[in-house]
Amino acid sequence: MGVITKITKQVKNDERYNLFIDGKYAFSVDEVVLAKFGLRKGLEVDELEISEVQYDDDVKKALNKAIHFLSYRMRTEKEIRDHLKDSELDGAIIGEVIHKLKDMKYIDDLEFAKAFTGTQINTSDKGPGWIRGELYRKGVDDPYIEEALDAFTFEMQVDKAAAISEKLMKKYRKDSFMIAKQKIEQNLQRKGYPGAVMKIVWETIDTDRDTDEQWDALYHQGQKAHRRLSSKYEGYEYEQRMKQTLYRKGFAIEKIERLLEVLKEEE
């Protein structure tokens with residue numbers, strides 16, 4: 001048993017108070033905790049009461065930490081739990097904080113999932129698979145993820161994937177159509193677009209290349225292969241290696257043979 005002999009406001013944080021018991025500093029508490037327990041000068045307190053006060057203060061400090069973390073953007077329950085665990089807080093305290101935040105409507109994983117999905121749809125080129133993976137990593141439950149992804153309609157996915165594909169088709173103009181298509185599909189897959197979307201994309205975008213564009217791509221790849229192979233092989237073996245290399249890159253044999261004739265003339 002002890003008596004609170006003095007209570008002083010902290011200089012650097014005017015929401016916290018220092019408590020002195022029997023003339024010696026004991027601990028500090030938040031002003032909310034101070035008021036809740038009616039702590040005042042002359043009050044007698046025992047060990048159990050002190051433990052209850054300190055526990056309640058630990059919860060208040062953890063709650064303040066979580067609210068500060070939330071002040072930057074919305075967070076999922078898992079993100080908040082992980083943030084508090086990094087501070088090595090007791091599991092019971094974290095549980096209390098999560099319960100309070102839910103009561104305050106500061107945590108709502110469904111609303112988070114909907115907001116996150118909407119942001120990605122409006123500001124990025126990411127597909128539903130990528131969004132699903134990010135939400136899962138952030139601890140959102142599957143039913144919430146699927147409900148949020150309802151906003152990302154199949155038609156919207158096709159439109160976004162088509163825009164990406166048209167842009168990349170220009171970027172890969174020096175590749176054969178086959179290789180360009182493979183690179184684009186790999187890109188779309190990394191961004192989280194399903195095969196069904198890719199199939200529709202190839203039916204909707206303009207993939208035709210005129211004769212000059214096809215020749216430019218073949219010539220570009222042929223020059224690269226020639227520089228690599230001409231120093232190692234010659235004659236029949238060189239021609240066979242060139243044909244194999246360029247055929248694997250998606251070019252037709254008859255066009256490769258024409259290129260080999262051009263390269264001979266240029267020597």
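This is a predicted model: local features need pLDDT of at least 70, side-chain atom pairs count only at pLDDT 80 or more; totals for chains, interfaces and linings use all residues.
Local features require pLDDT of at least 70 and side-chain atom pairs pLDDT 80 or more, whereas totals for chains, interfaces and linings use all residues. Residues are numbered from 1 along each chain as its sequence is written, and side-chain values use heavy atoms, with hydrogens and water left out.

The protein contains 13 helices and four strands. These are DSSP runs numbered from the N terminus (helices: H or I, at least four residues; strands: E, at least two). The C-alpha trace spans about 105 × 45 × 25 Å along its principal axes. Of the 267 residues, 39% count as buried (under 20% relative accessible area, 1.4 Å probe, protein chains only). Among contacts (heavy atoms within 4.5 Å) with a separation of 6 or more, 57% join residues 24 or more positions apart.

Helix 11 (residues 211-229) and helix 12 (residues 235-248) form a crossing pair. Their axes come within 10 Å and cross at roughly 135°. Axes are lines fitted to C-alpha atoms over the stretch in contact, and angles run from 0 to 180 degrees between N-to-C directions. Helix 11 contributes L218, Q221, G222, A225, H226, R228 and L229 to the contact, and helix 12 contributes Y238, R241, M242, T245 and L246.

Notes
Buried means under 20% relative accessible area, exposed over 50%, partly exposed in between (1.4 Å probe, protein chains only).
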